[in-house]
Amino acid sequence: MIHQAPILTIATLLLTAFWVPIIGMFKKESAYYIALAAIFIAFAAACGTLYSVLLHGPIHYHMGGWPPPWGIEFVIDYLNAGVLVLIALISFLTTISAKKSVEQEINRDKWPAFWSLYLLLIMSLMGMTETGDMFNMYVYLEVSSLTAYGLIAMGEDGALIASFNYVILGSVGASFYLLGVGYLYIVTGSLNMADLYRLMPGLYHSKVVFTAFAFFMVGIGIKMGLFPLHVWLPDAYTRAPSAISALIAPTMTKVSAYVLFRIILSVFHIQFSTMIIPAAKLLMWIAAVGIIYGSIMAIAQKDIKRMLAYSSISQIGYIVLGLALANRMGLIGGALHIFSHAFAKGCLFMVAMAIVYKTGIRNIDEFKDLNKKMPFTMAAFCVAALSMVGVPPTAGFFSKWYLVLGTISGRHWLMTAVILASSLLNAIYFFRIIEKTYFSSFLGGGGHGHHKTPTVVMTEAPAMMVIPILLMAVGILAVGLFNFQIIHHLLQFIVPGGLA
Amino acid sequence: MTNRYENLIIEFFCRVIAPVVLLFGVYIVFHGEASPGGGFQGGVILGSGYIMLAIAYGIDFTLKRIRERIILFLSGFGVFIYGGIGAACLLWHGNFLDYGKLPLPLAHTNAIRGLGIMGIEIGVGLTVMGVMVSIYYDLIVAGGNQKENKGEVCDGILSR
């Protein structure tokens with residue numbers, strides 16, 4: 001049965017997603033448990049897929065037994081097996097911790113619909129990761145957008161506007177992607193990625209291919225929140241229910257970044273973006289501006305979720321920068337940053353969810369003494385913040401290290417400076433929170449006030465919420481400590497032959 | 001609808017044409033595997049048949065015949081038929097949606113494939129019809145018909 005594992009990830013979630021609202025009509029509380037069970041099975045199937053890939057090499061799964069150029073196939077190689085497990089693990093942990101927060105923030109009547117859309121969103125993200133077919137990718141992209149619109153709109157006041165902005169931009173992005181697929185289909189007559197990869201070199205000077213490439217870049221750029229196309233992202237992350245921010249921030253933009261890797265590396269050849277058109281150079285500059293812009297805007301925010309959202313824009317810049325460097329270290333650094341940032345941002349948004357659930361505080365200025373109220377949560381926050389800044393044992397250090405090595409070996413000194421400067425800016429906005437939380441009781445009262453400080457009672461979030469947060473923090477450290485194994489077994493295979 | 005404009009011609013015409021529309025929808029659904037047509041198109045026709053009745057006779061008339069819960073159930077159940085047939089193929093060592101592997105007592109694999117696709121089309125048709133009608137109900141309810149139905153139309157699955 002292990003060779004059926006790739007489809008079980010999708011089929012389980014798809015079949016369950018539509019039973020959740022039906023069963024939910026009779027018993028609303030059951031919706032959560034069904035969803036959790038389905039996600040656990042999908043997670044187990046994802047682990048099985050990874051295991052099979054590590055043992056036997058890439059899997060080609062043909063839907064309905066039809067062979068590739070005509071049928072739809074799932075291709076799971078080393079990179080997307082890793083991303084698949086990453087998505088499954090993070091959504092599983094998020095789901096465990098999301099229960100209480102969803103019960104608090106979402107109207108009881110909407111629970112079944114909420115969990116149904118939630119399952120569909122995870123299903124589509126896994127589908128985007130696994131598929132080896134351009135049009136199938138579009139379908140999953142559209143499912144993920146539609147479910148995300150619905151889920152974001154269930155948030156607080158202003159969520160409808162945020163969701164509507166995302167609807168407009170997301171639809172433009174999806175249409176551009178579809179146009180790109182159509183253009184490629186006109187000139188090649190194929191939708192299969194491996195087939196396109198084979199057919200592409202003969203068509204490199206066709207204007208249709210240029211146009212298709214531009215459509216892909218803009219379409220995926222909108223979905224991943226790349227700098228000039230990011231305008232939907234801060235509002236959507238801020239206004240969405242906390243549980244949804246914690247789900248889509250680490251997974252959705254990362255999967256879109258993975259799709260960008262796929263398109264540049266295994267639909268077009270990397271030489272197309274480096275030699276034939278200056279796409280890599282353009283992406284590099286866009287990423288650099290995005291990195292600095294996101295960091296500076298994050299410093300200016302008072303709302304923690306909004307700050308994390310701007311930080312996401314900056315971090316997406318790193319991934320694109322690694323891709324645009326188009327050398328061995330850059331590609332590995334960019335791909336590793338998908339992993340390290342997914343864990344770090346997932347952990348941070350889950351911490352934000354726990355804080356909002358327990359205290360209702362979102363303004364960073366009110367974070368005083370939060371370390372005494374929620375010690376475990378804030379400890380996890382510190383680990384994630386250190387990873388975002390890039391302090392050695394954490395995952396963020398290693399991905400940034402490979403990125404810096406990439407910029408050095410490509411002699412892009414300005415990009416080296418951008419990465420280092422952005423790390424400093426990250427340090428400013430994360431240490432600001434750590435300072436407010438841990439040290440303001442020492443600094444705030446001055447010399448005479450400290451004996452009046454009332455003792456703060458520990459009011460930690462429920463264990464069901466804290467344990468996944470701590471596991472995410474452990475995950476950050478694990479990705480950092482085992483970065484060599486991840487690169488050796490999974491990521492080194494993405495580097496195309498002939499790159500230094 | 002509170003101030004429904006009663007028009008004998010429209011009502012009579014809809015009453016005559018509705019069975020034909022629904023039959024045509026079923027015809028399109030069942031022709032999906034061999035000719036142009038299929039679940040999407042047939043489902044839209046089936047759904048539009050109900051929407052036509054709702055426009056001509058008012059939403060209450062239609063709700064008595066097919067309630068919101070049934071519609072939601074149909075939308076989910078259609079996908080379940082689709083995924084269920086797909087997943088059933090896994091049990092007989094085929095890939096997902098590999099209908100040829102299903103152990104049906106038919107002489108030729110292609111006949112089994114045809115039946116499998118027909119099952120899938122039925123599922124798609126049910127879902128498309130359910131979602132079409134559900135969207136229409138939601139739009140009508142959002143348009144201010146809630147008092148009329150005394151909350152019978154609970155707000156739809158995705159409306160907010």
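A residue is classed as buried if 20 or more other C-beta atoms lie within 10 Å of its own, as exposed if 12 or fewer do, and as partly exposed in between, with C-beta atoms placed from the backbone. The model is predicted, and local features need pLDDT of at least 70, side-chain atom pairs count only at pLDDT 80 or more, and totals for chains, interfaces and linings use all residues. Residues are numbered from 1 along each chain as its sequence is written, while chains are lettered from A and ligands numbered from 1 in the order in which they are written.

A:Asp369 lies in the loop between α14 (328–358) and α15 (370–373) of chain A, where helices (H or I, at least four residues) and strands (E, at least two) are DSSP runs numbered from the N terminus. The phi of A:Asp369 is near 65°, a positive value in a residue other than glycine. In chain B, a positive phi, near 60°, is found at B:His93, which is likewise not glycine. B:His93 is placed in the loop between α4 (68–91) and α5 (109–142) of chain B, and counts as exposed, with 11 C-beta neighbours inside 10 Å.

Helix packing in chain A was examined next. Two packed helices are described by the angle between their axes and the distance between the axes. Axes are lines fitted to C-alpha atoms, for helices over the stretch in contact, and angles run from 0 to 180 degrees between N-to-C directions. Helix α2 (residues 30–56) and helix α4 (residues 111–130) of chain A pack at an angle of about 10°, with their axes 9 Å apart. The two helices α2(A) and α4(A) are therefore roughly parallel (angles under 35 degrees; over 145 is roughly antiparallel, 65 to 115 roughly perpendicular and the rest oblique). Their contact (C-beta atoms, placed from the backbone, within 7 Å) involves residues including A:Ala35 and A:Ile39 of α2(A) and A:Trp115 and A:Leu119 of α4(A). The residues of this contact divide into 13 nonpolar, no polar and no charged; Ala, Val, Leu, Ile, Met, Phe, Trp, Tyr, Cys and Pro count as nonpolar, Asp, Glu, Lys and Arg as charged, and the others, Gly among them, as polar. Of the 20 residues of α4(A), 20 are buried, so this helix is largely enclosed by the rest of the structure.

Helix α10 (residues 242–266) of chain A and α13(A) cross at roughly 15°, and their axes come within 11 Å. This makes α10(A) roughly parallel to α13(A). Among the residues in contact are A:Ala249 and A:Phe261 of α10(A) and A:Ile316 and A:Leu323 of α13(A). By class, ten nonpolar, three polar and one charged residues form the contact of α10(A) with α13(A). All 22 of the 22 residues of α13(A) are buried, so α13(A) is largely enclosed by the rest of the structure.

Chain B contains six helices and zero strands. Buried residues account for 38% of its 160 residues. Between the chains, 19 residues of chain A are in contact with 19 residues of chain B. On the side of chain A that touches chain B, α1 (5–24), β1 (59–62) and α5 (134–153) each give two or more residues, and α1(A) gives the most, with eight. The residues of this side divide into 14 nonpolar, five polar and no charged.

How values were computed:
Two residues are in contact if their C-beta atoms, placed from the backbone, lie within 7 Å.
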